[in-house]
Amino acid sequence: MKQLIIALVVAACAIARADDKPAPSDTGGGGNVELSFETKGANPNDPKTADNAPTVEVTVIGGAKLPPDHFTLRDEGAKEPIELHPSGKRDYTQGNETLAVVIVMNTWELWVGNDEQITDDNDPSKTTGVLKPLEQALDGMKFTEAGPPGSQGAVITYADKAAVRVKMGALSNITGSALGTQKDYFGTKGNEMVKGIELGISELHNVTAARKVMIILGDGNDSNNDTAKITLKNLRTQASKEHIQTFAVVYKTTRSDSANVITTFTSQVTTVSTPENVGTSIASILSRMNDRFYLTFPGYDPKAGLGLPWDGKTHKLILKIDKDDQDPADVLMVPVWDPPKKGGILWLVAIIGGVFLLLLIIIIILATRKKPVPMPVPEPVAMPVAAAPMPAPPMKTVMLSASGDADGFPIVGWLVPLNGPNAYQTFRLRSSLTKIGTQSADVVINDGFMSTEHCQIQCSPQGFTLIDGGSTNGSYVNDKRISRHELVDNDLITLGKTNIKFKSIS
């Protein structure tokens, strides 16, 4: 009955996060830290790691970005205390929390600018606006690097009505040229900010992403501010329920209303005094997204023979950052896993010792046994001279493959990128050494986070070995940073931002 209850708990919670609400705590170095814990079992399809202990991944939001050796994890109630050190650390852009960004932009002619359309310098309506500085800022801020692979973005414009300017897609689609020119907005009137926000929330509602962000660009007003206040209050509640982070950048022209109702929708409002600072503020908002990193802790230390209690029950885990303990977090320790028996090695030593002792006794008996009396040596008898041997036929040549079999069946390996510009291309590995990098390598992958000669894969009769080439961002196999690793079929290799599947036939 007890086993049935544990099995039901594991089945219900194995894919859930260990703590629905991240536990806030103080790092001691200033700033508020949020933590969330997730447990992961070993890959059952990998014979090398199938019996390994589960791992714990801790997401640290707002914490100081220290080296991995400044973090430890322990169980508060452990009878035999042990502090586990992380086996890997990843930045936000190397994680799986994809980002969806919607820019909601005012395109009233006098806010966008019309100086390229009006040639009369005495025209009082002539204004440079924010369009050109904003386009330059977007092209310079590397918008595509705001989130991990798979992140998306869209641009909504509003004047007398709201419309989708850039459809939801890859972040690389949001560029300065995608916003168009002053001619596209010449003659537009109105300030339907509420309609633009409503359309932006709808776009984010329809997209799947771990994090959702809306940035409103305008003068902070609506065509009808009194009515807008009521609607914006309801939209703020809706955005909160859908976990949408909201920001606004306010730049007022000489014709803008001095009122400001955007604060009814979001409290994170930045007011700028020049058009150029609109783009700078967007870059600052996007940099806030990189506020987290991920630590992977092994669930068991084989050297110490101690680890976390993987018993299917809730335990209080404590993350130490540098010298400061964070608040304990309730974590469900699943899947259930039993550590290897401590006596196993002793039994093995006893068995080997018994076999050795038995062999020693046999050797002593053979050495001390009386030797038999030698028989008289017979007189030599002349033997007939044998005929000269015939020359042997030539030896048959046998071709051996890399795997050592006589049929010549080779070891074959491939690399298949799963994302990025080279997604789903197939790269066959060389029979001796294959270099992987961004330039003049055997396998060239277009990834700005990879080194020129990032790593190499050696082929031998025993299989394939991945060797890191001293790369800046490192090489990962199954989310674990390595310097040298014996590859097996279906291993997941991560180089820079690119995930690569390793396939082999032997």
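Which residues line the largest cavity? They are Asp-75, Ala-78, Glu-80, Ile-82, Gly-307 and Leu-308. The model is predicted, so that local features need pLDDT of at least 70 and side-chain atom pairs count only at pLDDT 80 or more, while totals for chains, interfaces and linings use all residues. Residues are numbered from 1 along each chain as its sequence is written, and side-chain values use heavy atoms, with hydrogens and water left out.

A search of the whole structure finds 1 cavity of 30 Å³ or more, and the volume of the largest cavity is about 30 Å³. On a 1 Å grid over the protein atoms alone, a cavity is a set of points where a 1.4 Å probe fits but cannot get out, whereas a pocket is an open set with protein on both sides within 12 Å along at least five of seven lines; lining residues have an atom within 4 Å of a point. A volume is the space filled by probe spheres set on the points, which are joined across faces, edges and corners.

The largest pocket holds about 980 Å³ of space. It is lined by 31 residues, of which Ala-42, Thr-49, Asn-52, Ala-53 and Thr-55 are the closest to its centre. Two or more lining residues come from each of strands E3 (55–61), E12 (292–298) and E25 (480–482); E3 gives the largest share, 3 residues. Helices (H or I, at least four residues) and strands (E, at least two) are DSSP runs, numbered from the N terminus.

E22 pairs with strand E20 (residues 433–437) in the antiparallel sense over 4 bridges, two strands being paired if DSSP finds at least two bridges between them. Within this pairing, Leu-433 has Gln-458 of E22 as its bridge partner. E22 also pairs with strand E23 (residues 463–468), in the antiparallel sense over 6 bridges, and Cys-459 has Phe-464 of E23 as its bridge partner. E22 and E23 form a hairpin with 2 residues between them.

Helix H8 (residues 344–368) contains Ile-362. This residue counts as partly exposed because its relative accessibility is 42%, between the limits for buried (under 20% relative accessible area) and exposed (over 50%), with a 1.4 Å probe and protein chains only.
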